[in-house]
Amino acid sequence: MTPVEGNPGEVTRPAPILTEDNKGYWYESARGRLGVQRCVQCGRLQHPPRPMCPVCHSLEQWIIELAGFGVIHSFSLLHHPRHPAFTYPVIAVLVDLDEGIRMASNLVCIDPAEVRIGMPVQVSFAPAKDDTAVPVFEPRTVTA
Amino acid sequence: MNRRAASIVGIGQTEFSKGAGRGETQLAAEAIVAALSDAGLTTDDVDGLVSYTIDPVEETELVRALGIPVISWSSRVPYGGAGSQGVLQHASAAVTSGAARVVVVYRACKARSAARFGRAAVATSPTSSHSGSTAMQWCIPYGILTPASWMSLNATRYMHTYGVTSADFGRAVVQLRDYAATNPAAHFYGRPITLDDHQSSRWIAEPAIRLFDCCQETDGAVALVVTSASRAADTPAPVDIAACGAAAVFEEEVASNHYRPDITRMDGAVALAEQLFDVTGISRDDIDVALIYDAFTPMLFMQLEGLGFCKPGEAKDFVADGRLGPAGSLPCNTNGGLIGEGYIHGLNLTIEAVRQLRGTAANQITDARTALVGASRTGVILRQR
């Protein structure tokens, strides 16, 4: 997908912190895919990723690409304090994805005053440092 | 736990300031010496140390500074300020099991002049001093960098669900600042505010948290001395630990509790209340004074509900009715709280509870015999002996 923010050559968004447990998620994200863990044994979808299924204790996890449609579960317009990597107010959101998981992210391509709980959104990808990208969301323009 | 199994026999603190001008180890040592003096004990009596995983003061350095002969118990509690009352649980376990005789609990920080909690910093490690904040890595790439920003996501949903406004939060802050205004140890001593002042303070995280909804980043240290109830009988002013509990529930994070099904509810506080009340038989009506971890005003509301002092969504009415005031049914954060007095990561609330039960608080509540201290997932109930 096309990156939705950041000037060419001047990406300021910090790269995700990579760990043994999360690297599959961020590997997919860097390639423009919303890849979420699904337990091979019991089928549980989970986010954030983790090394073991908390229900059946399987160590085998598929990475499933989700469609990226959801609704705003909550939001916050962050005004202060400010970090030079971001544009303010930062629109922080929790998105409930249609598949039943929730994630923290940013809402982009919207006037901060227009953000509402329950708003339908769709995933996009924003470039981050070290040639990575992270899933962000924008108001839904296509039918799920 | 046996009701009179452990007691708090000494409290001590440094001044609370925006710039202590000395190191955390010295601050901790000063508070501990004051607490031991208050208990009529000496460093020779101390054989246990308990603090937060996030506290920068090492046990080895404290022993060196204080001249403690032998330490036989040391432990640390995770969860940052949410674990702030868990230190009393650890100390109680140590003295009731016989692992230690006299345990000192401490927290020292230079949270304003050195490592500010509220700074917008991009973490380079997924963990934060084993405080339980690994999950915040999921917020960092999105500029969600501070405790206020993490918690505001819960708070906005809470406001949406129950029709709560910033002014509802403001009414609680006016009360906290009233208490602080008459507490000489408080940062906001002599500086009460009106609701208009609150409503015109700038946004930190809109629509949930304004500047005046935030606790005060503070330099200082607090210490308490814990021993068995029987040893406490030989000390001048013991207060009994009637109950202590801790409840870290599945997928409830410390400050970024974003993944529980209902994020408007502090499920850890609900589980904690079961331990403090249902298991012990102590009634909520028995609580004469409450000290509740008010890092940000919305968290105070959600704990009033989680602990069962009012029903979900009713904290705004509970507050508006004046229940938190000195003449209310639940005088709350009588030192001004973390918002009005200062933020020694929640442990300053515990020594205020002890002062209330001793009858020595700046804003003394008449006939205060039982006090609750709650920090979302850890808490204690203290009783006058």
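In this predicted model, the axes of α4(B) and helix α9 (residues 297-306) of chain B approach to within 9 Å and cross at roughly 60°. The crossing in which α4(B) passes α9(B) is left-handed. On the α4(B) side, the residues that meet the partner helix are B:M151, B:A155 and B:Y158, and they face B:P298, B:M299 and B:M302 in α9(B). Sorted by class, this contact of α4(B) with α9(B) holds six nonpolar residues, with no polar and no charged ones.

Helix α4(B) also takes part in the meeting of the two chains. That contact draws 33 residues from chain B and 29 residues from chain A. On the side of chain B that touches chain A, two or more residues are given by α4 (147-162) and by β5 (203-206) of chain B. Of these, α4(B) supplies the largest share of that side, namely six residues. The chain B residues that touch chain A comprise 19 nonpolar, ten polar and four charged.

Strands of a sheet pair through backbone hydrogen bonds, in either a parallel or an antiparallel way. Here, strand β4 (residues 69-78) of chain A is joined to β5(B) by two bridges, and the strands run antiparallel. Within this pairing, A:L77 is placed opposite B:E206 of β5(B).

Chain A also has a sheet to look at. Three strands form an open sheet in the order β2-β1-β3 (chain A), and their pairing is antiparallel. At the edges stand β2 (45-46) and β3 (61-65) of chain A; each has a single partner strand, so one side of each has no neighbour in the sheet. Strand β1 (residues 35-39) of chain A is paired with β3(A) over five bridges, again in the antiparallel sense. Across that pairing, A:V36 has A:I64 of β3(A) standing opposite.

Helix α1 (residues 24-39) of chain B packs on helix α2 (residues 59-66) of chain B at an angle of about 55°, and their axes are 10 Å apart. The helices α1(B) and α2(B) are therefore oblique to each other. In this case α1(B) passes α2(B) in a right-handed crossing. From α1(B), the contact is made by B:T25, B:A28, B:A29 and B:I32, while α2(B) contributes B:E61, B:L62, B:A65 and B:L66. The residues of the α1(B) contact with α2(B) fall into six nonpolar, one polar and one charged.

B:N348 belongs to helix α12 (residues 347-358) of chain B. A residue is buried if 20 or more other C-beta atoms lie within 10 Å of its own; B:N348 has 27 C-beta neighbours inside 10 Å and therefore counts as buried. When neighbours within four places in sequence are left aside, the contacts of B:N348 are B:Q13, B:V222, B:N335, B:E341 and B:G342. As for B:Q89, which stands 259 residues away from B:N348 along the chain, the C-alpha atoms of the two residues are separated by 16 Å.

Methods. Residues are numbered from 1 along each chain as its sequence is written. Chains are lettered from A and ligands numbered from 1 in the order in which they are written. This is a predicted model: local features need pLDDT of at least 70, side-chain atom pairs count only at pLDDT 80 or more; totals for chains, interfaces and linings use all residues. Two residues are in contact if their C-beta atoms, placed from the backbone, lie within 7 Å. Helices (H or I, at least four residues) and strands (E, at least two) are DSSP runs, numbered from the N terminus. Ala, Val, Leu, Ile, Met, Phe, Trp, Tyr, Cys and Pro count as nonpolar, Asp, Glu, Lys and Arg as charged, and the others, Gly among them, as polar. Two strands pair if DSSP finds at least two bridges between them. Axes are lines fitted to C-alpha atoms, for helices over the stretch in contact, and angles run from 0 to 180 degrees between N-to-C directions. A crossing is left-handed if the near helix is turned anticlockwise from the far one by less than a right angle, and right-handed if clockwise. Angles under 35 degrees count as roughly parallel, over 145 as roughly antiparallel, 65 to 115 as roughly perpendicular and the rest as oblique. A residue is buried if 20 or more other C-beta atoms lie within 10 Å of its own, exposed if 12 or fewer, and partly exposed in between; C-beta atoms are placed from the backbone.
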